[in-house]
Amino acid sequence: MLTKEAITVLQKRYLRKDDQGKVVETPEDMFRRVARVVAAGERLYGRGEAEALVWEERFVQVMSDLEFMPNSPTLMNAGRELGQLSACFVLPIADSMEAIFEAMKQTAMIHKSGGGTGFSFSRLRPANDEVQSTKGISSGPLSFMEVFNAATETIKQGGTRRGANMGILRVDHPDIIDFITAKKEGHKLTNFNISVAITEKFMEAVERDQEYPLINPRTKQVVRRLNARDVFDQIVRCAWENGEPGIIFLDRINRDNPTPEVGEIESTNPCGEQPLLPYESCNLGSINMVKILKWQGGRLTIDYDKLRETVHLSVRFLDDVIDVNRYPLPVIEEVTKANRKIGLGVMGFADMLLRMNIPYDSDEAVETGRHLMEFINLEAHACSEFLGKERGSFPNYPRSTLARRFSAMRNATVTTVAPTGTISIISGCSSGIEPIFAVSYVRNVLDGTEMLEVNPIFEEVAKQRGFYSDPLMKEIAKRGTVRGLDSVPEDVQAVFATAHDIAPVWHVRMQAAFQENVDNAVSKTVNFPNSASPKDVEEVYLTAYRTGCKGVTVYRDGSRAAQVLNIGSVNRDAQVKGMPRPRPDVTRGATIKIRTGCSNLYITINEDEDGLCEVFTQMGKSGGCTASQSEAISRLISLALRSGIEPEAVLKQIKGIRCPSPSWSNGGVTLSCADAIAKALERFVQEKKGGQWHPHHSEAASGLLGHCPECPECGHMLEFSEGCVVCRACGFSKC
């Protein structure tokens with residue numbers, strides 16, 4: 001049964017609409033539309049109409065029962081004009097102006113069709129290198145990334161999905177330091193996730209505190225050497241500050257490359273879980289583990305018979321997608337069909353553990369995940385081997401490493417643990433293998449009131465065990481956790497761990513357990529509390545390397561650090577009805593720089609002989625809506641100050657206002673441009689009084705939990721997981 005959130009997401013982003021934007025399709029119609037198109041692939045292999053209809057019915061059933069869901073482009077585009085069903089693409093970028101702009105054109109075609117793109121910029125010559133054709137100098141990879149970023153900004157991705165890119169640079173590229181710090185200011189490369197491609201030699205140099213060479217990709221010559229530990233520390237520091245760059249272990253990825261004779265893997269898709277060759281695409285799907293449980297011996301356990309059947313049906317579905325897909329470029333169709341990669345994974349894993357009464361941060365949970373993925377991987381390969389014998393192996397099979405292990409193989413890869421942001425909303429379960437994000441939280445609605453949202457499994461358990469109450473749920477929302485709460489039984493506290501309850505090492509252990517039995521890679525975010533240090537991030541990176549992960553993404557908490565601003569009714573009798581005092585010709589003041597999620601905001605606060613009189617703002621190199629809104633806020637504050645309103649009253653109104661793009665610096669969080677102005681005003685006033693401003697002790701960094709930036713489209717809590725930001729109420733995503 002679909003939840004109200006699932007219906008909202010489907011109506012907004014997936015179901016077919018008429019020319020007036022009215023939804024003219026039901027969810028059942030959508031599943032039928034998708035199944036009919038995908039089952040048409042069966043006819044290509046000698047299946048008659050009757051047999052194709054049987055597979056169509058089975059595909060309809062497995063989706064309608066919410067047991068399996070393909071990636072979003074398949075749900076959106078099957079049977080419609082675009083017909084592009086794959087989520088992941090990688091494009092090569094060669095070291096010439098013609099190749100770069102050809103890749104940009106190809107990117108536009110992919111984004112228009114609903115896909116995301118990954119690039120390695122490692123082949124581009126470094127900045128200030130020689131350009132022989134013009135006798136000029138190169139502008140380097142970062143400048144071209146900005147061009148790709150701007151192009152993505154202008155493309156509305158298929159009308160339903162935002163353009164998303166992965167930008168990768170090898171750690172031995174001469175411009176690596178500029179790349180590592182590229183997103184430090186917060187307003188650059190906003191349509192990119194970025195990751196450093198780490199080599200084994202680099203990691204060995206890190207552990208030995210040695211230098212390593214930077215190599216010009218044009219000349220293949222060493223241009224200089226850097227201390228590996230210093231570079232690693234910079235990666236860690238930037239990831240601690242804003243979550244980027246991530247890292248991928250490039251040599252490890254290529255050790256698992258099934259077709260090394262065909263080509264070397266240089267990049268992944270936008271969320272990092274799908275390494276691909278140049279011009280390769282991959283279609284993904286996930287099994288909802290909540291639906292694969294059965295009662296046995298008085299407790300819920302995994303129904304492996306049902307799981308086997310679901311895996312085989314899902315692999316067949318994804319293989320059919322390859323044949324019925326409409327590819328955005330002929331070369332992508334050619335390369336994709338030569339290897340026929342698919343990626344089957346899971347979602348609802350955390351919900352499954354809750355149902356099975358297993359704490360996420362436990363050895364039992366890690367072993368459950370390892371055994372689960374081992375079973376899925378073995379059965380997926382068994383199905384692919386069967387299809388290889390029935391339909392023929394993928395064309396590059398004779399040149400692949402799989403030819404030594406299997407008598408036939410339909411697909412070069414079969415398993416991936418992918419982000420499942422919106423398809424997990426449709427399926428009514430937790431995302432991928434991520435832990436739950438919150439047990440209870442407060443949601444702001446459009447009229448300014450607050451609604452309490454409670455995890456349905458927790459609510460069910462609390463009512464069954466007799467400790468449910470509205471005050472308790474509100475207390476949990478305020479605390480953000482049930483751990484340490486005496487009114488919740490200890491065994492329930494242990495099981496209902498949120499992403500921020502779980503020590504980072506358990507996040508990595510779980511990712512590594514799944515990675516052991518995944519052909520491609522695992523999408524997972526390691527969550528840190530706001531108080532975490534760069535040393536904590538470093539330890540996660542080293543643990544991920546030592547435990548066999550193919551990459552790692554971190555996110556340090558901060559978005560849940562401020563209490564929601566409750567705006568009550570306005571006392572109209574207290575409003576000032578007089579005219580503001582005129583601005584004098586000369587004022588005195590200071591300018592304070594505060595980093596926001598959009599750019600650096602420069603806030604100038606001036607005073608005259610009667611006190612504070614005006615506020616000006618300048619938004620870094622940015623402009624447009626953000627800068628104009630900051631200017632509007634400043635003008636209104638200036639008007640209030642010259643009308644006799646006390647600064648403290650202004651602070652009370654604007655402090656803590658949040659937007660979807662908070663920013664962190666020096667251990668504190670700035671929630672929006674308005675919040676930045678409040679911080680600057682508060683600092684100016686306190687220092688004027690002879691005190692000292694303590695940003696770490698401000699409300700914005702007080703550690704109050706249970707709140708996140710609201711979704712800009714519906715006001716629901718945004719979640720940071722699987723390398724992305726997603727709203728589980730309406731499906732809004734920044735990827």
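Is L66 buried or exposed?

View 1. At 2% relative accessibility, L66 is buried (under 20% relative accessible area; exposed means over 50%, and partly exposed in between, with a 1.4 Å probe and protein chains only). The residue sits in the loop between α3 (49-64) and β1 (68-70). Helices (H or I, at least four residues) and strands (E, at least two) are DSSP runs, numbered from the N terminus. L66 is not a glycine, yet its phi is positive, about 60°. Most residues other than glycine have a negative phi, and most peptide bonds are trans.

The model is predicted: local features need pLDDT of at least 70, side-chain atom pairs count only at pLDDT 80 or more, and totals for chains, interfaces and linings use all residues. Residues are numbered from 1 along each chain as its sequence is written, and side-chain values use heavy atoms, leaving out hydrogens and water.

**View 2. Backbone at R340.** R340, a residue other than glycine, has a positive phi near 50°. R340 belongs to the loop between α12 (330-339) and β16 (342-347), and its relative accessible area of 4% makes R340 buried.

**View 3. The peptide bond from E244 to P245.** This bond is cis, with omega near 5°. P245 occurs in the loop between α9 (228-242) and β10 (246-249).

View 4. Over residues 559-577, pLDDT (the predictor's confidence in each residue, from 0 to 100) stays under 50. For this stretch the model has 44 contacts (heavy atoms within 4.5 Å) beyond four places in sequence. Residues 693-707 also have pLDDT below 50, with 49 contacts beyond near neighbours in sequence.
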